[in-house]
Amino acid sequence: MTTHEHEPTFRGTPPFPEAARSALANEQLRANLGRATTTIRTKRAAVVAERADWEALRLAGAAIKDEVMRDLPALLERLEAAVTAAGGTVHWARDAAEANAIVAAIARRHGATEVVKVKSMATQEIELNEALRQHGIAVWETDLAEMIVQLGHDLPSHILVPAIHRNRTEIRDIFIDEMGRVGRPAPAGLTDAPSELAEAARLHLREKFLRARVAISGANFAVAETGTVVVLESEGNGRMCLTLPEVLITVMGIEKLLPTWRDLEVFMQLLPRSSTAERMNPYTSMWTGVTPGDGPQTFHLILLDNGRTDVLSDTLGRQALRCIRCSACLNVCPVYERTGGQAYGSVYPGPIGAILTPQLRGIARHPVDKQTASLPFASSLCGACFEVCPVRIDIPEVLVHLRGQVVRQSEASHRLPTSEAAGFAAAAWTFRSPRRLALAERAAGLGGRLFGRRGRIPRIPGPGPIGGWFRARDLKTPARESFRDWWRRSDGGRGGPS
Amino acid sequence: MRIAVFITCYNDLLFPEVGQATVRLLRRLGHEVEFPAEQTCCGQMHFNSGYQDACIPLVERFVDVFAAYDAVVTPSGSCATMVRHHFGVVADLTSGDLPDRVASVAPRVFELSEFLVDVLGLTDVGARFPHTVALHPTCHSTRLLGVGDRPTRLLRAVDGLTLVDLPRSEACCGFGGTFAVKNADTSVAMGFDKVDDVLGSGAEVLTAGDTSCLMHIGGLLSRRRSPVRIMHLAEILATTEARA
């Protein structure tokens, strides 16, 4: 059996404002997202509030991850030694192409024409499914939501719940239309009841689990001390992949390390509560190399860089590498809640995506494309993301830092200032002098009197920032008399009419 | 105590009545205030838009202008956040003594409700405002500055005022500085949800410690021809009698 068409990719996503505009026009999407994010954010708040030591856990989580960043080379070698000693094979992949080639070579060596996959962000990031398809290897996503996305020829829109943009009725329709084309069809008369949808998925996936000889996973954590790899999940489908096939290939970003087994204690508390709003997730699988007679007898671990060491070189931006992919920041983000994840044009959407994607794409080293450059601006800087982040990534701080990089790259690549840069320069020049500011205020006050009606400037059509404001908003007219002119004329309200 | 007001550039230009109310309120409470005319802008718009270098002269100006005061009061949680949280970042871009000067001045800068409650020790400022009011707590005031329930306590003590709950009050209104124009569609979508919550609250007046959010929400209310008025917290606290 082979897959019949290309896997969709995020390439070609327009810059965020434009992508967001299309998403905002989709009423169904906004309703699905609003409902889902509100539910999970409320549940998260409740389970986090149960822990009196939550802030201490966050601080510990951040400190452990910072330690990993400091000692990364030594810890990676320690992990390699421990995995190798336990019968596994460790590979090092500089980028997506190298990682994909390693996976494909292993799968072909074992004669695989198909593989089952545990939900994994790293393999989405490197577009492994498409790479394997080109080698004639069919890839079956077995996480329910990933399967919905794959069956629907769709793109993920959330880190934890990639099909969050779909409601039950849409999912039923996808199952009915698509399951039969790639395996066991959906049962006749399938309704959109969650139990029926889950049963349809179970039946469809079961035959793939039993047949597959090679499985591919990511990793939530890998313990350098012991060589243990850890995957947390809710469904048990991951456990099927991790135990039934003969060969297991794990692709993990190099930042997924933890120094010691004890460190898991902190993250096993932080991740489920932040992610699925559970005290503990239903399935936690841990394995150390191979165990004769039990589970996969061949284990390959691929350590993926793919831009991560570039992120590490930015002392402020590197905190993004603490991320444990919980998606709490997505669930509380007012921008994500309205636009959904696909508008971010990356497997990493939402606030964390807005700081991680540009960095993984090398913003610290070279100018980035317009879509990438738009991501750090896709935030109102409200700070809700930082508030919930279990590893205390100050996302607004990094967003502002990356905005600076975008501006400097733009300045370096234009011989003349852009209109925006000229505007900011003019404003800065005005603000450097109270006299110039007073003159500008008087001019604005005069303009307001010319264009305003009853204290409001109703509508100025047109493109650009001015048109953007006035499409749905009036603007208060600048005052006839600024505060500073009033103060001088009336001696601060003492000498004249206030 | 020598008190200065930092009026902020957009209050200066767009909402001078907010600055006047701040001065009137503090005077009524027995405190003379000064307006150092050399002040301009805190640089937040430049900072948050990626023009951090352009902030350096604005930060230098700010710490020079306000160095001599015991307290600097500003009717803006957002600008107070810029001074207290981000001035240090800008100062670190420079060599010399700017970081020290920032460290000396920034802790003396207070958002209005902080100044009233923490410095003056007041919650009842003697205001009378017989209207139904909802409070937009604002992201910068709550998440970054940590003003907590100070604005609520001040409003509850106002004679005649009925404070109604604003559903989902912690949600961002969508202003976000240049976000409002760079991502206008998303900003407006967020704003309209806020407007729906404001209209659903039954309030006659929406108040906040920041006119930036209010300018955005007010612009949407105005376009909808809603009778709900926007007023800065200072304007309500400065009022001592019912006005039409």
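**Exercise 1. The core**

Which residues touch the most other members of the largest nonpolar core?

Solution. The model is predicted: local features need pLDDT of at least 70, side-chain atom pairs count only at pLDDT 80 or more, and totals for chains, interfaces and linings use all residues. Residues are numbered from 1 along each chain as its sequence is written, while chains are lettered from A and ligands numbered from 1 in the order in which they are written.

Step 1. A nonpolar core is a set of buried Ala, Val, Leu, Ile, Met, Phe, Trp, Tyr and Cys residues joined through C-beta atoms within 7 Å. A residue is buried if 20 or more other C-beta atoms lie within 10 Å of its own, exposed if 12 or fewer, and partly exposed in between, with C-beta atoms placed from the backbone.

Step 2. The largest such core has 234 residues, and those touching the most other members are A:V103, A:V115, A:A215, A:L304, A:C329, A:I395 and B:I217.

Step 3. Take A:L304. Contact requires C-beta atoms, placed from the backbone, within 7 Å. Leaving aside neighbours within four places in sequence, A:L304 is in contact with A:A93, A:A99, A:A122, A:I126, A:V251, A:M252, A:G253 and A:I254.

**Exercise 2. Chain A as a whole**

Describe the extent, burial, secondary structure and domains of chain A.

Solution. Step 1. The C-alpha atoms of chain A fill a box of roughly 95 × 55 × 50 Å along the principal axes. Of its 498 residues, 49% count as buried.

Step 1. Chain A has 23 helices and twelve strands. Helices (H or I, at least four residues) and strands (E, at least two) are DSSP runs, numbered from the N terminus.

Step 2. Among contacts in chain A with a separation of 6 or more, 75% join residues 24 or more positions apart.

Step 3. Chain A is divided into domain 1 (57–308) and domain 2 (432–490), with bounds from an automatic or database domain assignment. Their centres, taken over C-alpha atoms, are separated by 55 Å.

**Exercise 3. Helix 1 and the chain contact**

Which residues of helix 1 of chain A are buried, and what do they pack against?

Solution. Step 1. The buried residues are A:F16, A:P17, A:A19, A:A20 and A:A23.

Step 1. Within chain A they pack against helix 2 (27–49), helix 15 and helix 17 (370–374), and in chain B against helix 10 (179–182) and helix 11 (184–201).

Step 2. In the contact between the chains, 51 residues of chain A meet 53 residues of chain B. Helix 1 (16–24) of chain A is one of the elements giving two or more residues to the chain A side.

**Exercise 4. A residue of chain B**

Is B:V109 buried or exposed, and which residues does B:V109 touch?

Solution. Step 1. B:V109 is found in strand 4 (residues 109–111) of chain B. B:V109 counts as buried because it has 25 C-beta neighbours inside 10 Å.

Step 1. Not counting residues up to four places away in sequence, B:V109 touches B:F6, B:V72, B:T74, B:A80, B:V83 and B:R84.

Methods: Contact = placed C-beta atoms within 7 Å.
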